[in-house]
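Here are my notes on this one, as promised. Have the viewer open while you go through them.

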Amino acid sequence: MLTPGNRKLGGRRIWGFALPSGTPDVCPGMSATCRAHCYAAAVERYRPTAAAAYRRNRTRARRRDFVVRVRAFLIAHAVAVVRVHTGGDFYSPGYARKWLRVMRRAPRVTFYFYTRSWRVPAIRAVIEQMAALPNCVAWYSCDRDTGVPPGVPARVRLAWLATSDDDVPPAGLDLVFRIRRLRHRPVAPGGPPVCPSEDGVTRNRPVTCDRCGVCWHPARLRRFPLPVIESTR
Ligand code: SF4
């Protein structure tokens, strides 16, 4: 169901939950930009066992006892941090409400996610209830197709997917992600922070989310600046 860590998340501190990705039935807010650069859909293409696990999770998510089962899993594995949707997204209001119930019933667990389902008003209403919880960090994913939503709640943060050097995020963005071919290039000064695993800086250890914490750790959830991570240059 949930799996501990991966190359991006790091060791076993952060557990991920993934669904299939890249189609409107599982990613109803997707844009042409995110579909073209979806890392999760790529994982499904070259790792069939992962794709099968994501399909099993979709079946689990449809069950009436999903909330009870997730909560039991969190307790059994002493999970402290959950990255909801390492693949997939909130695909319906009913499914989003299930995660809302999980978050309410597991107040000691930190949940965080990036979502484009803010583009679907009925799902966005549930997401904003999640964002109001003290144990949840919600990121609205944006790009040049979606633009930035109006009326962002105070606790919701904004992430931008940059797809070219001239893809400059609008004002007010909290964090920038970059597509793979841009990640080795240094970041131009003056813009919003870039995820340190994608900022072109050579480091003596790869940056992982469990050590970085910018997206989920309460002590680092300030808009600026990102934590200083040791560089080799
Ligand atoms: S900013 Fe940090 S926590 Fe967020 S995705 Fe990048 S490495 Fe992970």
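1. Start with the helix pair α4 and α5. The axes of α4 (residues 66-76) and α5 (residues 93-105) come within 9 Å and cross at roughly 40 degrees. That angle makes α4 oblique to α5, since angles under 35 degrees would count as roughly parallel. Keep in mind that this is a predicted model.

2. On handedness: the crossing of α4 past α5 is right-handed.

3. Which residues make the contact between α4 and α5? On the α4 side they are F66, V67, V68, V70, R71 and L74. Facing them from α5 are Y95, K98, W99, R101, V102 and R105. By class, the residues of this contact split into 8 nonpolar and 4 charged, with no polar ones.

4. Now the sheet. It is open, built from 7 strands with mixed pairing, and the order runs β1-β2-β3-β4-β5-β6-β7. Two strands sit at the edges: β1 (3-6) and β7 (175-178). Each of them has a single partner strand, so one side of each has no neighbour in the sheet. From one strand to the next, the twist averages 35 degrees.

5. Do β5 and β6 pair in the parallel or the antiparallel sense? Parallel: β5 (residues 136-142) and β6 (residues 156-162) are joined over 5 bridges.

Key: Residues are numbered from 1 along each chain as its sequence is written. This is a predicted model: local features need pLDDT of at least 70, side-chain atom pairs count only at pLDDT 80 or more; totals for chains, interfaces and linings use all residues. Side-chain values use heavy atoms; hydrogens and water are left out. Axes are lines fitted to C-alpha atoms, for helices over the stretch in contact, and angles run from 0 to 180 degrees between N-to-C directions. Helices (H or I, at least four residues) and strands (E, at least two) are DSSP runs, numbered from the N terminus. Angles under 35 degrees count as roughly parallel, over 145 as roughly antiparallel, 65 to 115 as roughly perpendicular and the rest as oblique. A crossing is left-handed if the near helix is turned anticlockwise from the far one by less than a right angle, and right-handed if clockwise. Contact means heavy atoms within 4.5 Å. Ala, Val, Leu, Ile, Met, Phe, Trp, Tyr, Cys and Pro count as nonpolar, Asp, Glu, Lys and Arg as charged, and the others, Gly among them, as polar. Two strands pair if DSSP finds at least two bridges between them.
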